[in-house]
Amino acid sequence: MLAETICSAVSAAGLGIAAVTAYRKRFLAATRIAAYALVPVALVLTGFVEWVSGMVFKPSVWLGFGLLGLSWVLFMTTRAIERRGLGAGEKPVRAAKPSKAAKAAKGSPVREAVAPAASAPSPGRGASAQPAPRQTPATPADDFSDIEAILKKHGI
């Protein structure tokens, strides 16, 4: 009963705003406001408001929504675990690597994959790490020589 009264009041206020907007000669906006204002009354007359209010205040409905949420969380958790790695007891599925003999037969040298940083030399325990020498900043004449070369190239 209260919900129907509130919806009727909202519709009446919306129609009043639409009338004021039409008075200001903004007919397109007034028509749009009137259309929105009629929606709450239409929902009351179709029985949708009564159905929603009956559903909202039932604990069994909220229990159902809670179970749906729990189900969604479980699905997303298993999906995330599956994407990150493996479930318990599973072995990784790896692509078959061509044998070393097959690579050598093609004439290419046999090399194993290494991490990008693996080829960089690492300082030993006894070696002292010396800081990199500082570079002197370029003089202004050096900076402009590149620009001059580009301008000459374009005939400027």
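The talk below goes through the labels one at a time.

Guide: This is a predicted model, in which local features need pLDDT of at least 70 and side-chain atom pairs count only at pLDDT 80 or more, while totals for chains, interfaces and linings use all residues. Residues are numbered from 1 along each chain as its sequence is written, and side-chain values use heavy atoms, with hydrogens and water left out.

Visitor: What makes up the secondary structure of the protein?

Guide: Six helices and zero strands. Helices (H or I, at least four residues) and strands (E, at least two) are DSSP runs, numbered from the N terminus. The pattern along the sequence is therefore written α-α-α-α-α-α.

Visitor: How do you know that the span of α1 is close to the expected one?

Guide: The expected span of a helix is 1.5 Å times one less than its number of residues. Helix α1 (residues 2–23) has 22 residues, for which 32 Å is expected, and its first and last C-alpha atoms are 32 Å apart.

Visitor: Why is Leu 68 called exposed?

Guide: Buried means under 20% relative accessible area, exposed over 50%, and partly exposed in between (1.4 Å probe, protein chains only). Leu 68, in helix α4, has 58%, so Leu 68 is exposed.

Visitor: Which label does Ser 8 get, and why?

Guide: Ser 8 belongs to helix α1. Its relative accessible area is 40%, so Ser 8 is partly exposed too.

Visitor: Why are the buried residues of α1 said to line one face?

Guide: The buried residues are Cys 7, Ser 11, Gly 14, Ala 18 and Thr 21. Seen down the axis of α1, they fall within an arc of 80 degrees, so they line one face of the helix. The arc is that of the directions from the helix axis to the C-beta atoms. These buried residues pack against α2 and α3 (48–56), where contact means heavy atoms within 4.5 Å. The face turned away from the buried side carries the exposed residues Leu 2, Ala 12 and Tyr 23.

Visitor: What is noted about phi of Lys 25?

Guide: Phi is near 65 degrees, a positive value in a residue other than glycine. Lys 25 lies in the loop between α1 and α2. At 65% relative accessibility, over the 50% limit, Lys 25 therefore counts as exposed.

Visitor: What makes the nonpolar patch a patch?

Guide: Like charges are joined within 9 Å, and nonpolar side chains (Val, Leu, Ile, Met, Phe, Trp, Tyr) within 5 Å. Val 56, Phe 57, Trp 62, Phe 65 and Leu 68 form this one, with about 590 Å² of accessible area together, by the Shrake-Rupley method with a 1.4 Å probe. Helix α4 (residues 59–84) supplies the largest share, three residues.

Visitor: How many residues does the protein have, and what share counts as buried?

Guide: There are 156 residues, and 7% count as buried.

How values were computed. Patch = residues over 30% accessible without salt bridge, like charges linked within 9 Å, V, L, I, M, F, W, Y side chains within 5 Å. Salt bridge = Lys/Arg side-chain N within 4 Å of Asp/Glu carboxyl O.
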